[in-house]
Amino acid sequence: MNNTEQQIKLIHDFSYQKMSADHTGHNFDHIERVVKMANRISQQEKTDKLITLGAAYLHDVADDKLVDDPAKLESEIRDFLKSIQLDNDQIDEIMYITHNLSFSKSLSKNPPKLSLAGQVVQDADRLDAIGAIGITRAIYYGGANAETIYDPTIKPREKMNKAEYRNLDNETIINHFYEKLLKLTSMMNTTTAKKIALHRQQFMYEFLNEFKSEWLSEI
């Protein structure tokens with residue numbers, strides 16, 4: 001095992017320690033799928049393996065929707081990466097990616113610009129939010145946050161800022177598809193991700209059509 005592979009293995013172990021107990025759809029199963037997809041896209045885009053997979057493993061560890069003190073977790077991640085001999089430039093790029101790839105960041109007036117490695121990780125993360133697994137995760141997350149499943153009188157929100165997007169007081173699980181998930185295909189960065197996303201997008205449309213027909217007792 002070369003040094004890069006050993007560092008990736010140590011990052012894997014650190015991520016597992018932090019994410020294995022999650023109950024919102026962001027647990028280590030999700031992390032591993034994002035890493036696998038990031039590796040697949042990375043091979044097409046020729047990005048740095050350590051940066052790409054390192055960011056993929058760590059992308060949710062300090063997510064502010066999942067932890068109470070993201071700054072503390074980011075500091076812990078930095079210290080950990082330094083302890084396994086990543087240099088400052090590598091640490092800075094990984095931290096920039098993990099801090100800026102979320103959908104909520106895209107709602108700001110000046111969304112952050114990611115490196116190609118960051119775009120790969122962002123695509124991998126967004127692909128896991130759509131399709132059959134994305135549907136399951138949306139329901140799982142909505143249940144964990146006591147969201148209403150569906151209410152036809154509550155319309156999807158448009159043109160939200162981050163604070164409005166994160167406010168779940170009047171959110172429904174089905175509206176989340178229109179507010180975020182169905183938008184992700186057009187937001188993919190890489191050709192590989194765009195092709196995969198088109199298939200998953202169609203599956204979500206089919207699910208929503210079936211769901212609403214059953215809700216209205218038309219089937």
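Biologist: What is the basis of the values, and from which number are residues counted along each chain?

Modeller: This is a predicted model, in which local features need pLDDT of at least 70 and side-chain atom pairs count only at pLDDT 80 or more, while totals for chains, interfaces and linings use all residues. Side-chain values use heavy atoms, with hydrogens and water left out, and residues are numbered along each chain, as its sequence is written, from 1.

Biologist: How many aromatic pairs are there?

Modeller: Rings of Phe, Tyr and Trp (its six-membered ring) pair if their centres lie within 6.5 Å; planes under 30 degrees apart count as stacked, over 60 as edge-to-face and the rest as tilted. By this rule the number of aromatic pairs is 9.

Biologist: What kind of pair do Tyr150 and Phe211 form, and how many residues apart in sequence are the parts it ties together?

Modeller: The ring centres of Tyr150 and Phe211 are 5.6 Å apart with 85 degrees between the planes, which makes the pair edge-to-face. Helices are DSSP runs (H or I, at least four residues), numbered from the N terminus. Tyr150 lies in the loop between helix H7 (131-144) and helix H8 (162-166) and Phe211 in helix H10 (residues 191-215), so the parts tied together are separated in sequence by 61 residues.

Biologist: Which residues do ring pairs link into a cluster?

Modeller: Tyr150 and Phe211, both buried, belong to the cluster.

Biologist: Is Met19 buried or exposed, and with which residues is Met19 in contact?

Modeller: Met19 lies in helix H1 (residues 3-19) and, at 5% relative accessibility, counts as buried. Contact means heavy atoms within 4.5 Å. Leaving aside neighbours within four places in sequence, Met19 is in contact with His26, Asn27, Phe28, Ile31, Asp60, Val61 and Leu66.

Biologist: Why is helix H6 largely enclosed, and what covers its buried residues?

Modeller: Helix H6 (residues 116-127) has 12 residues. Of these, 10 are buried, so H6 is largely enclosed by the rest of the structure. Among the buried residues are Val120, Val121, Asp123 and Arg126. Their cover includes helix H2 (28-45), helix H3 (49-58), helix H5 (88-100) and H10.

Biologist: What is the phi of Ala146, and what is that of Lys159?

Modeller: Most residues other than glycine have a negative phi. Ala146 is found in the loop between H7 and H8 and is exposed at 68% relative accessibility; Lys159 is placed in the loop between H7 and H8 and is exposed at 83%. Each has a positive phi: for Ala146 the value is near 55 degrees, and for Lys159 near 50 degrees.

How values were computed. Helix = DSSP H or I, 4+ residues; strand = E, 2+ residues; numbered from the N terminus. Buried < 20%, exposed > 50% of the residue type's maximum accessible area, 1.4 Å probe, protein only. Expected span 1.5 Å × (residues − 1).
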